[in-house]
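Please keep the structure at hand as you read.

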Amino acid sequence: MLSARSRGRVWPWFVAMVAIVVAIAAFVVPLPYYVDGPGVVRATQSRVSVSGHPAYESKGEIFFTTVSERRATPYLLLQAWLDEAIDTLPEKVATPTGDRDAERRAEQQQMDRSKLTSIEVAFRVLDLPLTITGTGAFINEVGKDYPAAAQLRAGDVITAVDGSPVTVVGDLRPLLADKPVGAMVQLAVRRDGTTSDVTVELGRNPDDDSHGYLGVVPSTADEDVDFHFDIELDSGSVIGPSAGLAWTLGVIDRLTPGDLTDGKKVAVTGTIAPDGTVGPIGGIGQKVVGAKEAGATLFLYPAATSPKDVKWLKRLAGDDIRLEPVATVEDALKVLDPTGLGAD
């Protein structure tokens, strides 16, 4: 049995050991949460390789921004509680399918698709020749609040609208653009190798009621693109679609003389659609913080960003970085260089 003096000597060591164990646990014990914080910021132009066509260097930089996602520990949860730029997500929200590897593969496909679309949009802006062929408009997603959800599903391929053929995704929008909300359209839809006609009511887009919307996220089925010279984008380990606008601007800057950014560091986020529309993204607060830390003086973000996220963005940006919402690639080009594509 220990004497009172011995117990007095052991007690401080015991407390110290417990404190050390607790401290280590705070940093290493995984919890059923993920934390999202500012990620890496990388310049696009140096990652655009061109062969068989003139390419140009720029003094300025067009950054794409990312979000860093990590498994939460007690320490990281405390950090997230203290820092508005760090979000905490339950595991079921961060990994809804429970298969993180499969989700990352899907996000890699989104990045690959985004890079291809970025080049296509840049070529159209620059009036460069490209040849795109396909077998229809592939439906990646159907909005649950649109009437079309009753008849269409992901994986369907639209091959005609009211008898007019659809071979690439760019054929779809012009065929629907002049039809009002509530209009009925006849679609030829290929599903499981069989094509049939379905009649679908066009729904209302809460952000634009000037015409009816099908409410789908389409891409070109069996797409094959010939750019007529070699161009590659190196995204490294970054995945997801949110660098689409940044890639588009980076390609435009590489393929045109002059400097699109006028020598400045410009951070950009937003998806890019085949028609040049810029779409909203997640983690916008983390991305503007990363942009500030990288020394960017201008941040382009999607005009479709929710009011709540815009307030968050502005709080984190403060007066350190200029914020500009853009709805299309043309909007972004006007902000960057009103005189036109980096002209000297």
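The lining of the largest pocket divides into 21 nonpolar, 16 polar and 7 charged residues; here Ala, Val, Leu, Ile, Met, Phe, Trp, Tyr, Cys and Pro count as nonpolar, Asp, Glu, Lys and Arg as charged, and the others, Gly among them, as polar. This is a predicted model, in which local features need pLDDT of at least 70, side-chain atom pairs count only at pLDDT 80 or more, and totals for chains, interfaces and linings use all residues. Residues are numbered from 1 along each chain as its sequence is written, and side-chain values use heavy atoms, with hydrogens and water left out.

**Largest pocket**
- A pocket is an open set of points on a 1 Å grid over the protein atoms alone, with protein on both sides within 12 Å along at least five of seven lines, and lining residues have an atom within 4 Å of a point.
- Of its 44 lining residues, Arg-173, Val-216, Val-217, Pro-218 and Ala-273 lie nearest the centre.
- Helix H4 gives the largest share of this lining, 7 residues; helices (H or I, at least four residues) are DSSP runs numbered from the N terminus.

**Second largest pocket**
- This pocket holds about 900 Å³ of space.
- Its lining has 30 residues, and Val-67, Glu-69, Arg-100, Glu-107 and Ile-239 are the closest to its centre.

**Cavity**
- The structure holds 1 cavity of 30 Å³ or more, a cavity being a set of points where a 1.4 Å probe fits but cannot get out.
- The largest cavity has a volume of about 40 Å³, and its lining includes Glu-120, Arg-124 and Pro-274.

Conventions:
Helix = DSSP H or I, 4+ residues; strand = E, 2+ residues; numbered from the N terminus. Points joined across faces, edges and corners; volume = space filled by probe spheres on them.
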